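Dear colleague,

Please find the structure below, together with its sequence.

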Amino acid sequence: MLSSLPFYPAWWSDNCYKVLDQLALPSVVREIECHSADDIFLVIQKMEIRGAPLIGVAASAAFAFALRDMGTVTPDRVAEFVLSFSKARPTAVNLYAVLNYMENAMSGDIAAGQSPSLLFAKAQDISVKLHRADRERNRKMGEYGADYFSTLFDKKISILTHCNTGSLATAGYGTALGVIRSLFERDMIEMVWVDETRPYLQGARLTAWELEQEGIPYTIITDSTAAWLMKLGRVDAVIVGADRMAKNGDFANKIGSYGLAVAAQWHKIPFMTALPVETIDISIDSGESIPIEQRDSSELLSCGGSLIAPSQAEGLHIGFDVVPANLLSAIITEKGVLYEQINAERVVDLYHRSPSTADGVHNK
Ligand code: MRU
């Protein structure tokens with residue numbers, strides 16, 4: 001157990017970037033120290049940190065290290081770094097979005113030929129701010145999401161979630177799990193059904209760990225139990241995160257999300273996603289263009305280090321699926337909630353909306 005809440009999954013400690021090792025959780029709470037962009041690349045690739053917004057903010061730290069360590073810093077070298085680092089994981093657009101943001105934010109200083117140590121200090125400062133901003137936007141998302149739920153339900157609800165979208169998947173608080181936290185603060189949670197989320201068990205290991213620490217009632221289920229619980233009338237709503245949303249509202253999320261959306265529609269249960277607008281990729285028209293990560297099948301043929309299939313067995317490990325927008329009841333963001341007609345015009349409008357004119361659950 002951590003001694004204090006809230007905990008953060010990644011933070012700057014002087015010139016070292018520290019992360020919680022998410023492969024060790026929940027049995028061991030361990031920090032990993034990253035001292036270079038390569039260290040951060042590795043913790044992302046090995047899934048020691050994961051979750052779209054967290055991968056994004058961690059990339060800002062990697063960018064700072066890269067400026068410090070690349071020798072002569074030129075715009076071409078920086079562009080090369082951005083291209084190669086963005087290959088750490090392909091589906092979450094946040095990684096690309098933050099790297100591009102850092103490149104733009106630092107372009108003047110880079111062009112001015114400032115020293116690597118000064119560039120590092122400036123980039124580190126921006127990185128710290130991005131971590132803080134992510135927590136703030138998640139809080140807003142939580143409030144808007146809870147406001148929206150209040151328009152749908154006037155009782156405590158049982159809500160089902162998939163994978164981990166909490167403090168561990170972001171810089172803090174979470175997206176879909178942030179909405180659940182806000183609902184709990186308003187005494188609106190009866191039960192959180194936590195999909196175990198094969199094969200990495202982000203639900204059973206990480207979401208359950210987060211809920212446990214805050215005393216939020218939860219029950220872990222196998223992924224294949226979800227549809228049956230809906231049939232039994234024990235699920236009021238489903239909420240998941242997103243790794244990349246196309247401008248028509250189709251979105252990629254952890255494998256299993258599509259099946260949940262289909263089952264929710266069949267049982268007439270609201271199915272929603274919560275995401276920062278950074279996760280919307282307005283350069284692509286539909287979910288067909290989202291790159292889907294395929295990981296090594298060995299990850300699903302063993303569990304806890306033991307083989308669970310014949311040693312010669314083939315496996316297929318697709319990391320994400322795409323939920324079509326027409327299965328989605330609402331998109332919850334830090335700029336407001338979109339529901340009913342979800343289409344490209346309205347998603348793009350939401351993306352560009354200025355935070356000062358964010359209008360909560362108003363469905364304009
Ligand atoms: O493979 P992961 O664990 O990085 O997948 C994470 C998810 O699919 C999350 O639902 C998504 O990143 C949203 S996190 C706020």
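In what follows, a residue is called buried if its relative accessible area is under 20%, exposed if over 50%, and partly exposed in between (1.4 Å probe, protein chains only). This is a predicted model, in which local features need pLDDT of at least 70 and side-chain atom pairs count only at pLDDT 80 or more, while totals for chains, interfaces and linings use all residues. Residues are numbered from 1 along each chain as its sequence is written, and side-chain values use heavy atoms, with hydrogens and water left out.

Helices (H or I, at least four residues) and strands (E, at least two) are DSSP runs, numbered from the N terminus. Two strands are said to pair if DSSP finds at least two bridges between them.

The three-stranded sheet

An open sheet is formed by 3 strands in the order S1-S2-S3, with antiparallel pairing. S1 and S3 are at the edges with a single partner strand each, so one side of each has no neighbour in the sheet. Direction ignored, neighbouring strands here are turned by 30° against each other on average; axes are lines fitted to C-alpha atoms, for helices over the stretch in contact, and angles run from 0 to 180 degrees between N-to-C directions. S2 and S3 are joined in the antiparallel sense over 4 bridges, and leucine 20 stands opposite glutamate 31 in S3. Helix H1 lies across S2 and S3 and runs at about 140° to S3.

Lysine 18 belongs to strand S2. Is this lysine 18 buried or exposed? Its relative accessibility is 17%, so lysine 18 counts as buried. Not counting residues up to four places away in sequence, lysine 18 touches Pro9, Ala10, Trp11, Ser13, Glu31, Ile32 and Glu33; contact means heavy atoms within 4.5 Å.

The nonpolar cores

A nonpolar core is a set of buried Ala, Val, Leu, Ile, Met, Phe, Trp, Tyr and Cys residues joined through side-chain atoms within 4.5 Å. The largest has 44 residues, of which Tyr17, Ile40, Phe63, Leu67, Phe81 and Phe85 touch the most other members. Elements that give two or more residues to this core are strand S1 (10-13), S2, strand S3 (31-34), helix H1 (37-45), helix H2 (52-69), helix H3 (75-85), helix H4 (93-111) and H5. H2 gives the most to this core, with 13 residues. Leaving aside neighbours within four places in sequence, isoleucine 40 is in contact with Tyr17, Cys34, Ala58, Ala61, Ala62, Phe65 and Phe85. Another core, of 31 residues, lies apart from this one and has Ile221, Leu229, Phe251 and Leu328 among its members.

Valine 128 lies in helix H5 (residues 116-152). With a relative accessibility of 31%, valine 128 counts as partly exposed. Valine 128 and tryptophan 12 are 116 residues apart in sequence, yet 7.3 Å apart in space, C-alpha to C-alpha.

The seven-stranded sheet

A further open sheet consists of 7 strands in the order S6-S5-S4-S7-S10-S17-S18, with mixed pairing. Its edge strands are S6 and strand S18 (336-339), each pairing on one side only. From one strand to the next, the twist averages 25°. Strand S7 (residues 237-240) and strand S10 (residues 271-274) pair in the parallel sense over 3 bridges, and the bridge partner of isoleucine 239 in S10 is methionine 272.

Helix H9 (residues 257-266) lies across S4, S5, S7 and S10, at about 140° to S10. Serine 257 is part of helix H9 and, at 0% relative accessibility, counts as buried. Not counting residues up to four places away in sequence, serine 257 touches His162, Phe271, Asp321 and Val323.

Helix H7

Why is H7 largely enclosed by the rest of the structure? Of its 13 residues, 10 are buried, so H7 is largely enclosed; among them are Arg205, Trp209 and Glu210. What covers these buried residues includes strand S2 (16-20), helix H6 (176-185) and strand S5 (189-195). H7 (residues 202-214) reaches 17 Å from its first C-alpha to its last, close to the 18 Å expected at 1.5 Å a residue, the expected span being 1.5 Å times one less than the number of residues. Just after H7, glycine 215 takes a positive phi of about 70°.

With kind regards
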